[in-house]
Each structure stands twice: as structure tokens, then as C-alpha cells.
Amino acid sequence: MKRYILSAAVVAALAAGGWLVMQPDTATEAEAATPAKGDPLVSITLPTSLTEQAQMGKRAFDATCAACHGANATGKMGFGPPLVHKIYEPSHHGDMAFQAAVQAGVRAHHWKFGNMPPQEGLTRGDVANIVTYVRELQRANGIE
């Protein structure tokens, strides 16, 4: 009888161990799904071409905004949100919201990146070009 109980316990332990080994490593999968600090937060499709105004906006964006908002406005984990995102569609954040954000800064309200400080060295024309660039990226990704 003792052998039967011991054998049953060994079989049960082996079955449980085999089941555990066969389970996916959810910690590794969760880590892979969470971007690391500095990684882009969204993937986007780039437009095949940019207007001249958007090209100027891209240069200004790369020089001033990309440090926090990532290359091509895809966001940057630990720094700033993606601007190619439905939250920033024109009907929710109009072009003037971008002008105001650059001039006065923004209190954090959609994301947990902290407040955005005012940005110096950009003219209203520079910001208009940046907005054109962001809007062209958004349209290429179905955000109208």
C-alpha cells in the first residue's frame, strides 16, 4: 500500500513538474511586451513623401521635440508620449494646442510622463511646420 501511495505521489509530482515546464514564461513575455526606457511607444507607417512645409517641420521636430517625443513622433518610453496617436487627432488637440504647449508648457493629463515645460527657440512658424509634419504622420496612420 505504501508503494502504491509513493508511486502515485511520484507520478503526480512528475506530471505537475511537466505541466509547469511546458507553461510559457509569462514574465519574459510581459517584459518583451513592455518597451524599455527610451524605446518607441508605437510603431507607425511613414508617409511615402512629405510636403516641403512638413520637411521643415521634421527638421525642427528632430532638433527640439524628438528627444522626448521620439523619432517620427512615436513617443519615447520614460520621456514623452507619441504624437502619432488618436489622442492627438485634430478634433481633440487642434493645431493651436500644439502652439500653446510649446509656448506655455502642458500639465500632464493624458499620460504619466510628467509636465511638459515650455520650449524655447521655436517661432510660431516653426511650430506650424512641426504641426504639419505631425499631421502628415498622423494621416499616414489613419488619424484624421
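Ile 130 counts as buried because its relative accessibility is 6%, under the 20% limit for that class. This residue of the predicted model is found in helix α6, and it is among the residues with the most contacts inside the largest nonpolar core.

**The chain as a whole**

- The chain holds 6 helices and 0 strands.
- Read from the N terminus, the order of its elements is α-α-α-α-α-α.
- Of the 144 residues in the chain, 27% are buried.
- When contacts between residues at least 6 apart in sequence are considered, 65% of them join residues at least 24 apart.

**Ile 130 and the largest nonpolar core**

- The largest nonpolar core consists of 20 residues, and those with the most contacts inside it are Phe 61, Leu 83, Phe 98 and Ile 130.
- Helices α3 (52-64), α5 (95-104) and α6 each contribute at least two residues to this core.
- Helix α6 provides the largest share of this core, with 6 residues.
- Beyond its neighbours within four places in sequence, Ile 130 is in contact with Gly 57, Ala 60, Phe 61, Cys 65 and Leu 122.

**The largest pocket**

- The volume of the largest pocket is about 640 Å³.
- Its lining is made up of 30 residues, and His 69, Pro 81, Ala 101, Val 106 and Met 116 are those nearest the centre.
- Helices α4 (66-69), α5 and α6 each supply at least two residues of the lining.
- Helix α5 gives the largest share of the lining, 5 residues.
- Sorted by class, the lining comprises 20 nonpolar, 9 polar and 1 charged residues.

**The loop between α4 and α5**

- Asn 72 is placed in the loop between α4 and α5, and its phi is near 55°, a positive value in a residue other than glycine.
- Ala 73 is found in this loop as well, and it has a positive phi of about 60° although it is not a glycine.
- Ala 73 counts as buried because its relative accessibility is 0%.
- Thr 74 also belongs to the loop between α4 and α5, and it counts as buried because its relative accessibility is 8%.
- The side chain of Thr 74 reaches the backbone oxygen of Ala 71 at a distance of 2.9 Å.
- Not counting residues up to four places away in sequence, Thr 74 touches Pro 40, Leu 41, Val 42, Ile 44, His 69 and Pro 82.
- Among these partners of Thr 74 is His 69, which is also one of the residues nearest the centre of the largest pocket.

**Gln 138 in helix α6**

- Gln 138 is found in helix α6, which spans residues 124-140.
- Its relative accessibility is 1%, so Gln 138 counts as buried.
- A polar atom of the Gln 138 side chain lies 3.1 Å from the backbone oxygen of Tyr 88.
- Apart from residues up to four places away in sequence, Gln 138 touches Leu 83, Val 84, His 85, Tyr 88, Glu 89, Pro 90 and Ile 143.
- Leu 83, one of these partners of Gln 138, is among the residues with the most contacts inside the largest nonpolar core.

**Ile 143 after helix α6**

- Ile 143 is found in the segment after α6.
- Ile 143 is buried because its relative accessible area is 11%.
- Leaving out residues up to four places away in sequence, Ile 143 touches Val 84, His 85, Lys 86, Glu 89 and Gln 138.
- Ile 143 and Pro 90 are 53 residues apart in sequence, and their C-alpha atoms are 8.4 Å apart in space.
- Val 84, His 85 and Glu 89 are among the partners of Ile 143, and they are also among the residues that Gln 138 touches.

Technical notes:
Residues numbered from 1 in each chain as written. Predicted model: local features only at pLDDT ≥ 70, side-chain atom pairs only at ≥ 80, totals over all residues. Heavy atoms only, no water. Helix = DSSP H or I, 4+ residues; strand = E, 2+ residues; numbered from the N terminus. Buried < 20%, exposed > 50% of the residue type's maximum accessible area, 1.4 Å probe, protein only. Polar contact = N/O pair within 3.5 Å; in protein donor to acceptor, adjacent residues only side chain to side chain. Contact = heavy atoms within 4.5 Å. Core = buried A, V, L, I, M, F, W, Y, C linked by side-chain atoms within 4.5 Å. 1 Å grid on protein atoms, 1.4 Å probe; cavity = no way out; pocket = protein on both sides within 12 Å on 5 of 7 lines; lining within 4 Å. Points joined across faces, edges and corners; volume = space filled by probe spheres on them. Nonpolar A, V, L, I, M, F, W, Y, C, P; charged D, E, K, R; others polar.
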